[in-house]
Amino acid sequence: MTNSERQKELQRIRTLFQGEVLRSGAPLKRERFDDLWPALNFNARYCEGARNAVEILLTDGLKQSEYETAETELNMILGQAITEIEHGLSPPPPEVMDAKPKA
């Protein structure tokens with residue numbers, strides 16, 4: 001996934017999450033969360049933070065304040081990741097780093 005593709009995917013996911021997706025049933029949430037990992041895999045810190053927030057969001061019986069805190073955290077992580085890519089602050093995707101230079 002190129003950074004341009006990654007940015008578009010993160011923006012799409014963020015738009016979905018800012019809508020009603022996070023307030024829907026668990027199966028849909030889990031499906032949407034699965035879309036996160038390929039888009040966030042360029043930064044281990046973002047992946048870890050998002051996984052922590054997702055674990056909370058998938059928990060049954062949360063207080064509204066706990067849910068909203070995790071939802072806000074996930075939204076902030078997505079925003080930071082998008083900004084990092086937009087401004088070229090992120091390292092190139094792993095496939096670029098692994099490519100061997102042509103002789």
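How many salt bridges does a search of the whole structure find? The search turns up 2, where a salt bridge is a side-chain nitrogen of Lys or Arg within 4 Å of a carboxyl oxygen of Asp or Glu.

Before we look at them, some ground rules. This is a predicted model, in which local features need pLDDT of at least 70 and side-chain atom pairs count only at pLDDT 80 or more, while totals for chains, interfaces and linings use all residues. Residues are numbered from 1 along each chain as its sequence is written, and side-chain values use heavy atoms, with hydrogens and water left out.

**The salt bridges**

| Pair | N to O distance |
|---|---|
| Glu9 and Arg12 | 2.7 Å |
| Asp35 and Arg12 | 3.2 Å |

Let's start with Glu9 and Arg12. Both sit in helix H1 (residues 3-18), 3 residues apart, or about one turn of the helix. (Helices, H or I with at least four residues, and strands, E with at least two, are DSSP runs numbered from the N terminus.) An α-helix has 3.6 residues a turn, so residues three or four places apart point the same way.

Asp35 forms a salt bridge with Arg12. Because Asp35 lies in the loop between helix H2 (26-34) and helix H3 (36-40) and Arg12 in helix H1, this pair ties together parts that are 23 residues apart in sequence.

Arg12 has 34% relative accessibility, so it counts as partly exposed. Asp35, at 24%, therefore counts as partly exposed too. Arg6 also lies in helix H1, but at 1% relative accessibility Arg6 counts as buried.

Helix H5 (residues 64-86) has 23 residues and reaches 33 Å from its first C-alpha to its last. That is close to the 33 Å expected at 1.5 Å a residue, the expected span being 1.5 Å times one less than the number of residues. Buried residues in H5 include Tyr67, Leu74 and Ile85. Just after H5, Gly88 takes a positive phi of about 65°.

H1 and H5 pack at an angle of about 155°, with their axes 9 Å apart. Axes here are lines fitted to C-alpha atoms, for helices over the stretch in contact, and angles run from 0 to 180 degrees between N-to-C directions. H1 and H5 are therefore roughly antiparallel to each other (under 35 degrees counts as roughly parallel, over 145 as roughly antiparallel, 65 to 115 as roughly perpendicular and the rest as oblique).

Definitions and conventions:
Buried < 20%, exposed > 50% of the residue type's maximum accessible area, 1.4 Å probe, protein only.
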